[in-house]
Amino acid sequence: MTDVHELRFSRQLYSGEAVDQAVKAFARFAAFDLEQTDDHWVVRMRPNDANLARRLRGELGNHALGLTVQRGGAK
């Protein structure tokens, strides 16, 4: 079984729609569960290939940030 990796995206910095869209873009590389807290968008990721977990974490975060910027911020 593949380890679960948790990413926390600050709601002050990231758009929830951008995080959702980034997760959908990477769905072929991992299984994802999403949760919302008062302060964060929480993404739990189970990569299909454990060797790519670190890179996938970075790429997902970069993609979510880029989409947030395109949307004009975390609004």
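## Strand pairing

Glu6 stands opposite Arg44 in β3. Arg44 is also the bridge partner of Asp33. The model is predicted: local features need pLDDT of at least 70, side-chain atom pairs count only at pLDDT 80 or more, and totals for chains, interfaces and linings use all residues. Numbering starts from 1 along each chain as its sequence is written, and side-chain values use heavy atoms, without hydrogens or water.

β1 (residues 5–10) pairs with β3 in the antiparallel sense over six bridges. β2 and β3 are antiparallel too, over seven bridges. Pairing requires at least two DSSP bridges between the strands. Strands are DSSP runs of E, at least two residues; helices are runs of H or I, at least four; both are numbered from the N terminus.

A hairpin of three residues joins β2 to β3. Thr37 lies in this loop, between β2 (30–36) and β3 (40–47). Thr37 is partly exposed, at 22% relative accessible area (buried is under 20%, exposed over 50%, partly exposed in between; 1.4 Å probe, protein chains only).

Thr37 touches Arg8, Arg11 and Val42, leaving aside residues up to four places away in sequence. Contact means heavy atoms within 4.5 Å.

## Helix packing

Helix α1 (residues 16–25) packs on α2 (residues 53–70) at about 135°, axes 8 Å apart. That makes α1 oblique to α2 (under 35 degrees is roughly parallel, over 145 roughly antiparallel, 65 to 115 roughly perpendicular, the rest oblique). Axes are lines fitted to C-alpha atoms, for helices over the stretch in contact; angles run from 0 to 180 degrees between N-to-C directions.
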